[in-house]
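Good morning, and thank you for coming. I would like to take you through one protein model, beginning with a sheet and then turning to helices.

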Amino acid sequence: MSDPTKQERVEQNQPWMRSVEAILEKAAGEGRKQLFEFEVYEILAQLRIPSPTYIMARDERDITHSTLAVFSSERIVLKVISQAIAHKQKAGGIKVVYKDLDFVKYSVREMCRSFSERGIEVQGVLLVEYLDYSKDLGNEILLGFRESVAFGPVISFSKGGSDAEHFARHFSSPNLILPPLDRQWANALMASTHISRKYAAEGRGDFINKIVDAEVKFSDLATCFSNFFCSPTRFVLTEFEINPLVFDHNGELIAIDGYATFAEKAPAAADVEVMGKESLRPLFEPAGVAVVGISTSDNSKAGNIIIKNLIDLNRTDVYGVNIKGGEVRISEKILGLYKSVADIPDPVDLAIVTVPAEASYSVVRDCARKGVKGILLIPGGFSEIRDNRDLEEKILAVARENEIRIIGPNCLGVVYAGDRELNGLNTFFIPEEKFKVNLEQEKNVAILTQSGAAGIMEIYNLRSAISPKVIVSYGNQLDVDASDLVQYFEDDPMVDVMGLYIEGFNPAAGRKFFNITSHCRKPIVVYKAGRTEAGQMATRSHTASIAGEYEVAKAAMKQAGLVVADSMIDHGDLVKTFALLHGFQVEGNRVAVIANAGYEKTYAADNLGDLILADLDQETIEALASIIPPYVNAEPLLDLTAMVSDDQFERCIDIMLSSPMVDALCISIVPQAQLLHTTDAEIEHFEKNIAARIVETVHKHNKPTVVSVNVVSGADAVYNRFGQVMDSGGVPTYLTAERAMTCLNAFIRYHLVKERGIISEWLR
């Protein structure tokens, strides 16, 4: 017997799929895109998720003694059935009545009349068994999913009930996860929530198991009826929500209210092609670079600045293009200009296009004729201007047909550090006196940013600490996006950390990003802009309104194991932390603090996060006691006061890091201390200053260590060199103990969670 086809395997694994498809087919045949609540109940029955007994009444004539006999409760819930009503409770479409035939008929008649008078078409009334259940916190839950344009199906789990949105916005955000889920991931979702602790404390582990079962079933439903997964179904469930799911007095999990919308499937997002990483090589390691748009009279133009940057990098394979030809003097050289890329006699891998948007299409076609394989499309004026979206599509069509990869448009392009065998690239059209990338320090960071300005500011602010291997400003992401760039640099031996700034995802690109980053073995620190989405989404269900695209993106990034920054300041600090502490040994989360001011010691202790205070061994306590002043206590929160010297401070650091009970250290220094050499002049003239001593001692022990340099307002100019020496020496410094501890916690937590595979911690 031959093996079953892919479709047959899917149907064998999901025997309810055809039944659900039939429900959607019937609704579509009636011209609907929203399911009636009883149809949601029918789908739940296929998933073996219980719902109350119900009867559909088109009008009062469908209500008889035998109809009411199916209900065991003394009361019945009446729910209006209408395509025009999403939230029945708010619209007055739910009423609880006693099970009296005449009264039920009267109530149904009045409910239908009320909506008819408001011009709302009603298809009938659903009679539902009244279920008496506790409304204690945790007994009403919301479980649903929606189809995100960027990420595909997203499951949402949170407190349920009529106040679900209010609770999610003001008390506890919804817990989100991307399917498909197995029981391991469903259990991880539960373990990451606060409510699971309540269930566990009350001895209700069976509640957790039943919710996990429901989550796995919702995952199966979401992936079967999605644009993002291959299944033989015609429809996509765009929203599917149960609110609330409740536990009755027997501990049975029952779905009370249901809401669902659907649509015809679009071309499968799951089939979006992910091009091989080698296709990006011409963008970073080209043999032959053409700069299109060189001015013969104005060296302040973008193209002229770019070609100067390339020449200054000692590239000899650079060619200028001007439609009129001619020549230009750049970097004391006279360059002849070609009228087109196709006129260049030598091979050209990369074209950097700086002409206005309206002229770019003909340039791209010219590049295709030449055999160019990479294009940096610098100018703006494309999809950020609605009228030019068609221009982007025309350019992309030429690129796809000729296997050309494009970064941009509306970008700064690439800064790529070369080496002894390879010349670098710099297409950032910013004069050197305003922005210069330091390529002299260890180059272990990739900055990949949708906004060129954000990348420039971050690199400038981190200039004392890191020197990037690459900066990519990828702009409108017509072709190359963050996913492609992560995939390209994940195997680069010179890149240890990636810092990403993302403004948005194109359709299906979020799922692609999730799939690629989930398998990346290097730390990725990401900041997702665009938290506020006012006016962008007209939501109808709770699931959609409490989980917008920002929340979905953030949840997906955490699920993928990324380090998610809450602000750009956090992003810069975290990139620095992971870059400088790369290679430091993470053995555990026991931390000690050494400070020279009591308030800084307390500030550090108040921000431990997931770290725990080390319990010092007796040998360490005695070693510290032998060198510290008699009025100082030898303890893991060590306040040396302002009266210790460079040598005493260094010896305390050495002793603390030597302790087998200490996994990491936070050093906090108020630099005005009289005996410490901390000013710029002291750093310059005293070789064994405290900053140099800290760098040497920290690298001697190779344990994660961070430093807070607390500088009061107005005095920072005196202490600039102090922090720079430590940053440039590979010991990350911060302005407060809170920042230092937060970043140390993130670094240690990341490595321990990854090493131990605690996936529930990824979701927190």
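**The sheet and its neighbours**

Strand S23, residues 524-528, is joined to S24 by 2 bridges, and these strands run parallel. The model is a predicted one: local features require pLDDT of at least 70, side-chain atom pairs count only at pLDDT 80 or more, and totals for chains, interfaces and linings use all residues. Residues are numbered from 1 along each chain as its sequence is written, and side-chain values use heavy atoms, with hydrogens and water left out.

Helices (H or I, at least four residues) and strands (E, at least two) are DSSP runs, numbered from the N terminus. Two strands pair if DSSP finds at least two bridges between them. In general, strands of a sheet pair through backbone hydrogen bonds, either parallel or antiparallel.

Which strands make up the open sheet, and in what order? There are 7, arranged as S19-S18-S21-S20-S22-S23-S24, with mixed pairing. At the edges are strand S19 (425-426) and strand S24 (563-564), each of which pairs on one side only.

Two helices deserve attention here. Contact means heavy atoms within 4.5 Å. Angles run from 0 to 180 degrees between N-to-C directions, and axes are lines fitted to C-alpha atoms, for helices over the stretch in contact. Helix H18, residues 549-559, packs on the sheet and touches S22, S23 and S24; its direction makes about 175° with that of S23.

Helix H15 (residues 482-489) also packs on the sheet, where strands S18, S20, S21, S22 and S23 are touched. The direction of H15 makes about 175° with that of S22.

**A covered strand**

Please look next at strand S16, residues 374-377. Are its residues buried or exposed? Both faces are covered: Gly374 and Leu376 on one side, and Ile375 and Leu377 on the other, are all buried. Buried means under 20% relative accessible area, exposed means over 50%, and partly exposed is in between, with a 1.4 Å probe and protein chains only. Strand S15 (residues 350-353) pairs with S16 in the parallel sense over 4 bridges, and Ile352 has Leu376 in S16 as its bridge partner.

**Two helix pairs**

Helix H7 (residues 183-191) packs against H9 at an angle of about 125°, with the axes 9 Å apart. The two are therefore oblique to each other; angles under 35 degrees count as roughly parallel, over 145 as roughly antiparallel, 65 to 115 as roughly perpendicular and the rest as oblique. Their contact includes Ala186 and Leu189 in H7, which are among the residues that meet H9, and Ile208 and Val212 are among those on the H9 side.

Asp206 is found in H9, residues 205-224, and is partly exposed, with a relative accessible area of 37%. Asp206 and Gly251 are 45 residues apart in sequence and 8.4 Å apart in space, C-alpha to C-alpha.

The second pair is helix H24 (residues 690-701) and helix H25 (residues 720-728), which pack at an angle of about 15° with their axes 9 Å apart. H24 and H25 are therefore roughly parallel.

**The whole protein**

Finally, the protein has 27 helices and 30 strands. Its C-alpha trace spans about 100 × 80 × 60 Å along the principal axes, and buried residues make up 57% of the 764 residues.
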